[in-house]
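Let's take a walk through this one, starting with a pair of packed helices and moving on to the pockets. Keep the viewer open as you read.

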Amino acid sequence: MARTKEFDRDEAVRRAMQVFWEQGYEATSTDDLLRAMGIGRQSMYDTFGDKHGLYLEALRAYQAEYSAHLMECLRAHPSPLGAIREYLLSIPNGTQKARARGCLSVNATAELAHADAEVATLLKTGGAVGHGALERVVKEAQRKGELSPKLDARVAASFLLAAIGGLRLSAKAGTPPEALRDVVDFTLAGLKAR
């Protein structure tokens, strides 16, 4: 008779996600994960396969949370351009701890995407969701006269995704919030100038 799992899988993934996010994939040991999740080694292997399987699940969970947060931020502001600005400013205006931790997806891109096809595929899928959300907001800004109708919304969304990744990586590297805010202003000026 199979034993039932004695832990909350979603909570275990959330805890593992925090460890990977803080330490990175390579620097995280199985023991680090077991301590954080509060489960035994066999339970981890039975449930997730191995550290890599757990990492993929944690990255999926992060992307789902990040996408939901992005959508919420982009819908919460009456002005589409204002929503983009608020989202971009959330990076330099975050806590020092949040800036230093960076973005799990950006961290995964830098650490693993070049050598791990499964991670690269997950990141590509997540990036497409973010791109689609940003493209919709750019088009809405165009409809409301906040951005030029001549602006290619697809290219603008790609530009914004690159800016977000660059801001997160720069924040993680210790760039002061004031300098990051200047980048936000420059990014928005670039969109408006087109």
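On the α4 side the contact (heavy atoms within 4.5 Å) uses Y66, H69, L70, C73 and L74, and on the α5 side A83, I84 and Y87. By class that gives seven nonpolar, one polar and no charged residues, where Ala, Val, Leu, Ile, Met, Phe, Trp, Tyr, Cys and Pro count as nonpolar, Asp, Glu, Lys and Arg as charged, and the others, Gly among them, as polar. Helices (H or I, at least four residues) are DSSP runs, numbered from the N terminus.

A word on provenance: this is a predicted model, where local features need pLDDT of at least 70 and side-chain atom pairs count only at pLDDT 80 or more, while totals for chains, interfaces and linings use all residues. Residues are numbered from 1 along each chain as its sequence is written, and side-chain values use heavy atoms, with hydrogens and water left out.

A pocket is an open set of points on a 1 Å grid over the protein atoms alone, where a 1.4 Å probe fits, with protein on both sides within 12 Å along at least five of seven lines; lining residues have an atom within 4 Å of a point. The largest pocket has a volume of about 320 Å³, that is, the space filled by probe spheres set on the points. It has 16 lining residues, with W21, Y62, A98, G102 and R168 the closest to its centre. Two or more residues come from each of α4, α6 and α9, and α4 gives the largest share, four.

The second largest pocket holds about 270 Å³. Of its 15 lining residues, Y66, S105, V106, G127 and L161 lie nearest the centre. Y66 is also one of the α4 residues in the contact with α5.

Finally, the whole structure has nine salt bridges (a side-chain nitrogen of Lys or Arg within 4 Å of a carboxyl oxygen of Asp or Glu). One of them pairs E22 with R101, with the closest N and O atoms 3.8 Å apart. E22 sits in α1 and R101 in α6, so the pair ties together parts 79 residues apart in sequence.
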